[in-house]
Amino acid sequence: MTTITLVRHGQANNTATDEAGYDRLSDLGRQQARWLGEHMRATGQRYGAAYTGTLTRHHQTAQEWGMEEYTQDARLDEVRYFDLSERMHAQFGIPHPRGHGDFIDHLPLTFAAWQEGKIEGAPESFQDFQARVSDVIHDIAERGEDAIIFTSGGFIGMATRVVMGLDLGPFTRAILPIMNSSVHRLRLTPAGLTLIQFNAVPHLEPIDRHHAQTHF
C-alpha cells in the first residue's frame with residue numbers, strides 16, 4: 001500500500017520575530033536532519049518520490065538529510081503563523097508567544113479566530129489552508145509511489161486533522177508536541193488515507209542526543 005512519510009524540518013532560527021528571520025535552519029537543525037537521513041538509510045528506508053515546500057528550511061532539511069532530487073510544491077508550505085500572530089496582537093491585543101509554553105494558549109486561540117474568519121487580512125483563510133493540505137496529500141497518494149515530504153508542523157497537524165477528522169481542539173493539541181525532524185506516516189488504504197505513525201524521533205533516542213529533541 002502507498003505510504004506517505006512526512007518529516008518536519010529541523011530546528012529553525014528560534015530567536016526570530018518574523019517569517020523571513022525564522023526561515024533557516026540552526027546548526028542543531030542541520031544536525032537533526034543529518035541524523036535522520038543516516039538513520040533512515042541505515043534501516044533500509046527508500047522512497048520513490050521526494051517533495052518539499054518552497055521554504056528555505058524545507059530545502060535545507062531535505063539537503064542535510066541527503067536528498068539530492070526533490071519536487072517543490074507550494075501547497076506543502078507552512079501557515080504564516082508570525083503574520084497571524086501579528087494580526088492577533090494588532091486587532092485584539094493578544095501578546096506574541098515567546099516560548100513553547102506561550103503557544104499552549106496562543107495557538108488554539110489564534111486558530112479558533114482564524115477558522116471563524118475574525119482575523120482581518122490573514123494571508124490565507126483557514127478553509128483554504130485545509131483545502132490545499134487535503135488536495136496535495138491526496139494528489140501525492142494517488143500517484144502510487146511511496147513518498148517522503150519535508151514540510152512543517154502546522155502542515156503535518158492539518159494533514160492529521162484531514163485524515164482523522166479532528167475537531168479544532170484535538171487538531172491544535174496535535175500540533176503543539178510535534179518535534180523538529182520528527183517522522184509521521186500516512187497510508188492509503190481501501191478506506192482512504194490513514195495515520196499510522198505520529199511524531200517519531202528514533203534518530204534522537206540515543207541518550208547523547210536527548211538534547212536535540214526540540215520543538216522550536
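**View A. F103 counts as buried, at 14% relative accessibility.** The structure shown is a predicted model, in which local features need pLDDT of at least 70 and side-chain atom pairs count only at pLDDT 80 or more, while totals for chains, interfaces and linings use all residues. Residues are numbered from 1 along each chain as its sequence is written, and side-chain values use heavy atoms, with hydrogens and water left out. Buried means under 20% relative accessible area, exposed means over 50%, and partly exposed is in between (1.4 Å probe, protein chains only). F103 belongs to helix 5. Helices (H or I, at least four residues) and strands (E, at least two) are DSSP runs, numbered from the N terminus. Apart from neighbours within four places in sequence, F103 is in contact with Y81, P97, P108, L176 and F216; contact means heavy atoms within 4.5 Å. From F103 to I149 there are 46 residues in sequence and 25 Å in space, C-alpha to C-alpha.

**View B. The largest nonpolar core has 37 residues.** A nonpolar core is a set of buried Ala, Val, Leu, Ile, Met, Phe, Trp, Tyr and Cys residues joined through side-chain atoms within 4.5 Å. Which members touch the most other members? They are I4, L6, F111, W114, I137 and F155. At least two residues of this core come from each of strand 1 (3-8), strand 2 (49-52), helix 4 (81-92), helix 5 (100-115), helix 6 (126-142), strand 4 (147-151), helix 7 (153-164) and helix 8 (168-175). Helix 6 gives the largest share, seven residues. Leaving aside neighbours within four places in sequence, L6 has contacts with I149, T151, F155, I156, A159, S182, V183, H184 and L186.

**View C. Helix 6 and helix 7 have axes that come within 9 Å and cross at roughly 80°.** Helix 6 is therefore roughly perpendicular to helix 7. Axes are lines fitted to C-alpha atoms, for helices over the stretch in contact, and angles run from 0 to 180 degrees between N-to-C directions. Angles under 35 degrees count as roughly parallel, over 145 as roughly antiparallel, 65 to 115 as roughly perpendicular, and the rest as oblique. Helix 6 contributes F126, F129, Q130, V133, S134, V136, I137 and H138 to the contact, and helix 7 contributes G154, F155, M158, A159, R161, V162 and V163. By class, these residues are ten nonpolar, four polar and one charged. Here Ala, Val, Leu, Ile, Met, Phe, Trp, Tyr, Cys and Pro count as nonpolar, Asp, Glu, Lys and Arg as charged, and the others, Gly among them, as polar.

**View D. Helix 5 and helix 6 have axes that come within 8 Å and cross at roughly 95°.** These two helices, helix 5 and helix 6, are therefore roughly perpendicular to each other. F111, W114 and Q115 of helix 5 meet F126, Q127 and F129 of helix 6. The contact of helix 5 with helix 6 has four nonpolar and two polar residues, and no charged ones.

**View E. Helix 4 has twelve residues and reaches 16 Å from its first C-alpha to its last.** This is close to the 16 Å expected at 1.5 Å a residue; the expected span is 1.5 Å times one less than the number of residues. Which residues of helix 4 are buried? They are Y81, D83, L84, S85 and M88, and the buried residues of helix 4 pack against helix 1 (19-22) and helix 5. Just after helix 4, G93 has a positive phi of about 75°.

**View F. Helix 2 (residues 27-42) has end C-alpha atoms 23 Å apart.** Its 16 residues should span 22 Å at 1.5 Å a residue, which agrees. Buried residues in helix 2 are G29, Q32, A33, W35, L36, G37 and M40. They pack against strand 1, helix 3, strand 4 and strand 5. Just after helix 2, G44 takes a positive phi of about 75°.

**View G. S181 and N199 have a positive phi, of about 65° for S181 and about 60° for N199.** Most residues other than glycine have a negative phi. S181 lies in the loop between helix 8 and strand 5 (183-189) and is buried, with a relative accessible area of 0%. N199 is in strand 6 (residues 192-200) and counts as buried at 15% relative accessibility.
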